[in-house]
Amino acid sequence: MGEPNVLTGKIYCADCGAPMYNHRQRKGRERIYYTAKGEKRTSYSNPADCYECSTYNLAYQKYDRHCTCHHISTKALKSIILKTIQETCHYVSLNEREFVYSLQEESAMKDIAVSETVKNRIERNQKRVHELDMLIRKIYEDNVIGRLPDRLFSEYAY
């Protein structure tokens, strides 16, 4: 089918929060008809390109419904995204200072959250280093006392 849809992996169901799968077909539905002269003709509808709720699709395969059938065409989705971008650009052009201020606030909040995450990770790692130091000391003491033979000590020490 060529390149994947640019929105693949970025669209989520509003009800259950699951990712939405992109479904595409090269040709639309085939329609066979006959002209007034009796000639056989074939036509195809537009190719399908839409997103459907993955929870619904997967639950449907298991005959268990967890979410309803949500779907949206890619054309409608792109139209909504374009309209949202245009409205945002219009808002920014009218309220530039307010928009910049709100972006700075949001960026500061994200920085605080990231720094908290990093601090927590550092604390966990320091705690683990301390635990490992204690284990190494215990192995050394067991070797000195004679509980751990030199052969095993040399094997575990490195």
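**Notes on a predicted chain**

1. The chain has four helices and five strands, where helices (H or I, at least four residues) and strands (E, at least two) are DSSP runs numbered from the N terminus. Along the sequence, the pattern reads β-β-β-β-α-β-α-α-α.

2. A word on the source: this is a predicted model, where local features need pLDDT of at least 70, side-chain atom pairs count only at pLDDT 80 or more, and totals for chains, interfaces and linings use all residues. Residues are numbered from 1 along each chain as its sequence is written, and side-chain values use heavy atoms, with hydrogens and water left out.

3. Now the helix pair. The axes of α2 (residues 74–94) and α3 (residues 96–145) come within 5 Å and cross at roughly 110 degrees; axes are lines fitted to C-alpha atoms, for helices over the stretch in contact, with angles running from 0 to 180 degrees between N-to-C directions. That makes α2 roughly perpendicular to α3 (65 to 115 degrees). On the α2 side, Y91, V92 and L94 make the contact, meeting E96, E98 and F99 of α3 (contact means heavy atoms within 4.5 Å).

4. Helix α3 itself has 50 residues and spans 73 Å from first C-alpha to last, close to the 74 Å expected at 1.5 Å a residue (1.5 Å times one less than the number of residues). Just after α3, G146 takes a positive phi of about 110 degrees.

5. Finally, I11. Leaving aside neighbours within four places in sequence, I11 is in contact with A18, P19, M20, Y51 and L77.

How values were computed
Angles under 35 degrees count as roughly parallel, over 145 as roughly antiparallel, 65 to 115 as roughly perpendicular and the rest as oblique.
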